[in-house]
Amino acid sequence: MAGIKALISLSFGGAVGLMFLMLGCALPQYNQYWPLFVLFFYILSPIPYCIARRLVDDTDATSNACKELAVFLTTGIVVSAFGLPIVFARAELVSSVSISENILC
């Protein structure tokens with residue numbers, strides 16, 4: 001039962017995050033659609049782990065280099081999803097990013 005609650009809370013959090021991303025781009029006061037490129041990272045992030053899971057047996061008790069590489073690539077994609085808005089703010093494509101004002105000043 002705990003797994004179902006975690007899955008429901010993760011899906012709710014993802015839905016709220018996507019809603020805020022869409023609202024942040026579509027509201028007339030912002031009217032900039034550059035942050036929607038973050039969606040590519042959302043789509044790409046599970047792909048390395050899904051490929052590694054299909055290629056590797058789960059019967060090994062030891063760690064597997066293929067799965068570790070997949071987790072490393074997934075982590076890189078997720079970190080890039082957080083970094084892309086900061087890069088956009090630095091390039092002045094997005095003018096009103098509150099996190100970039102604190103980091104880049």
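**Overall architecture**

The structure is a predicted model. The protein contains 5 helices and 0 strands, and its elements follow the pattern α-α-α-α-α when read along the sequence. Of the 105 residues in the protein, 18% are buried.

**Annotated spans**

The UniProt record, an unreviewed entry, places the feature "transmembrane region" at residues 7–30, 36–56 and 68–88. Two of these spans can be described from the model. Residues 36–56 are 76% helix and 0% strand, and the C-alpha atoms at the ends of this span are 34 Å apart. Residues 68–88 are 100% helix and 0% strand, with end C-alpha atoms 30 Å apart.

**The nonpolar patch**

A nonpolar patch lies on the surface and is formed by W34, F37, F40, L44, I47, I51 and L55. Together these residues have about 700 Å² of accessible area. Helix α2, which covers residues 38–44, and helix α3, which covers residues 47–55, each supply at least two residues of the patch. The largest share, 3 residues, comes from α3.

L44 is located in helix α2. The relative accessibility of L44 is 41%, and therefore this residue counts as partly exposed. F37 has a relative accessible area of 36%, so it is partly exposed as well.

A pair of aromatic rings is described by the distance of the centres and the angle of the planes. The structure holds 1 aromatic pair. This pair is formed by F37 and F40, with 5.7 Å from centre to centre and 35° between the planes. The arrangement of F37 and F40 is tilted.

**Selected residues and their accessibility**

| Residue | Relative accessibility | Class |
|---|---|---|
| C50 | 31% | partly exposed |
| R53 | 45% | partly exposed |
| C66 | 30% | partly exposed |

A disulfide is a covalent bond between the sulfur atoms of two cysteines. How many disulfides does the structure hold? The number is 0.

Is P48 buried or exposed? P48 belongs to helix α3. With a relative accessible area of 16%, P48 is buried, because buried means under 20% relative accessible area. P48 and F72 are 24 residues apart in sequence, while their C-alpha atoms are 9.1 Å apart in space.

R53 is likewise found in helix α3. The C-alpha atom of R53 is separated by 8.9 Å from that of A70, and these two residues are 17 apart along the chain.

**Summary**

The predicted model consists of 5 helices and 0 strands. Helix α3 contributes 3 residues to the nonpolar patch, and P48 and R53 are also found in this helix. P48 is buried, whereas R53 is partly exposed.

Key:
Residues numbered from 1 in each chain as written. Predicted model: local features only at pLDDT ≥ 70, side-chain atom pairs only at ≥ 80, totals over all residues. Heavy atoms only, no water. UniProt positions renumbered as here; feature names shortened; annotations may be inferred. Helix = DSSP H or I, 4+ residues; strand = E, 2+ residues; numbered from the N terminus. Patch = residues over 30% accessible without salt bridge, like charges linked within 9 Å, V, L, I, M, F, W, Y side chains within 5 Å. Areas by Shrake-Rupley, 256 points an atom, 1.4 Å probe, with all protein chains shown as cover. Salt bridge = Lys/Arg side-chain N within 4 Å of Asp/Glu carboxyl O. Buried < 20%, exposed > 50% of the residue type's maximum accessible area, 1.4 Å probe, protein only. Phe/Tyr/Trp six-rings, centres within 6.5 Å; stacked < 30°, edge-to-face > 60°. Disulfide = S-S within 2.5 Å.
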